[in-house]
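Hi there,

Here is the structure I promised to pass on to you. Have a look at it first, and then read on for what turned up.

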Amino acid sequence: MAIDIVPTGAALGAEIRGINLAEPLDDATFGEIERAYDEHGVIFFRDQHISPPQQVAFTRRFGEIEYNIFGERWSVTGSPEIVVVSNVVENGKSIGVKRAGENWHSDMCYTTRPPRGTMLYAHEIPDLYGLALGDTEFASAAAAWDALPEALRQRIDGRHAIFDFTGRKRALTPTQVEIDRNPPVRHPIARTHPHTGRKCLYVMRDDCTGIEGMEADEAEGLIAALADHIVKPAFIYRHQWRAGDLLMWDNCTVQHRAIQDYDMPQRRVMHRTTMGGAVPV
Ligand code: SIN
């Protein structure tokens, strides 16, 4: 199958053209897609028409399905692997998780094995006067690492930050059982991508509550400085969604945030799947 990989022109991201995800993908074509994913951090396919089982099967080619606390509350009927991300309320009930991911983050960084990546399939996209709303922004933590002064790289390389599940204000309040299931973990501040070997900054405000071997005040200042550096405009790609987009990001090289510039009656309905990853090194 002939595919075209068209970089966005930003620090990350590429559109993959010439693929119909509703049809079987041979291994060679899948290999090309996987290489583009590793290289560009974010890839997307426009104009797709896939069923929930097809999304799950495509996700599984990248790794085993990872479940999170949202899926326990808002999964697709018959496909518990898919979380519904949506602002829509029907009969007084939210059909999905609302306001998910409005602050910069990398998914499930508070776990010992954060997921390799996440896939979002756009069912309904809000708009106003024909202008799409509800974009998602992505920042390249790899480009951010490359742009650090050498002295700062040496200062932080080999250090570990503490990631605390309770640090971030979430779209829903977790239960005590969920908090107990997710005790604080440590990860390297400079992660190495398992496939490309590229170094990536792995630091976020709120999720990171300290740096091992560093006084709290100094750690707080350094976490804030690094987190702000990652999301500078030079490292960002902003995706303007269309219904039928299937987009996936890499949770090692990329941080993301959802822009909440819409509200009912503007409807946004997305199906999210997540695939398992490795312990960060
Ligand atoms: C998320 O952080 O998974 C949500 C992203 C989005 O809805 O754009």
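Let me begin with Phe62, which is buried at 5% relative accessibility (buried means under 20% relative accessible area, exposed over 50%, partly exposed in between, with a 1.4 Å probe and protein chains only). Please keep in mind that this is a predicted model, where local features need pLDDT of at least 70, side-chain atom pairs count only at pLDDT 80 or more, and totals for chains, interfaces and linings use all residues. Residues are numbered from 1 along each chain as its sequence is written, and side-chain values use heavy atoms, leaving out hydrogens and water.

Phe62 forms an edge-to-face aromatic pair with Phe58, 5.3 Å centre to centre and with 90° between the planes. (Rings of Phe, Tyr and Trp, the last by its six-membered ring, pair if their centres lie within 6.5 Å; planes under 30 degrees apart are stacked, over 60 edge-to-face, the rest tilted.) Phe58 is also buried, with a relative accessible area of 6%. Ring pairs join both to Phe30, Tyr37 and Phe45 in a cluster.

Phe58 belongs to helix H2 (residues 52-60), where Gln55, Val56 and Thr59 are buried too. (Helices, H or I of at least four residues, and strands, E of at least two, are DSSP runs numbered from the N terminus.) Seen down the axis of H2, the buried residues fall within an arc of 165°, so they line one face of the helix; the arc is that of the directions from the helix axis to the C-beta atoms.

Enjoy exploring!
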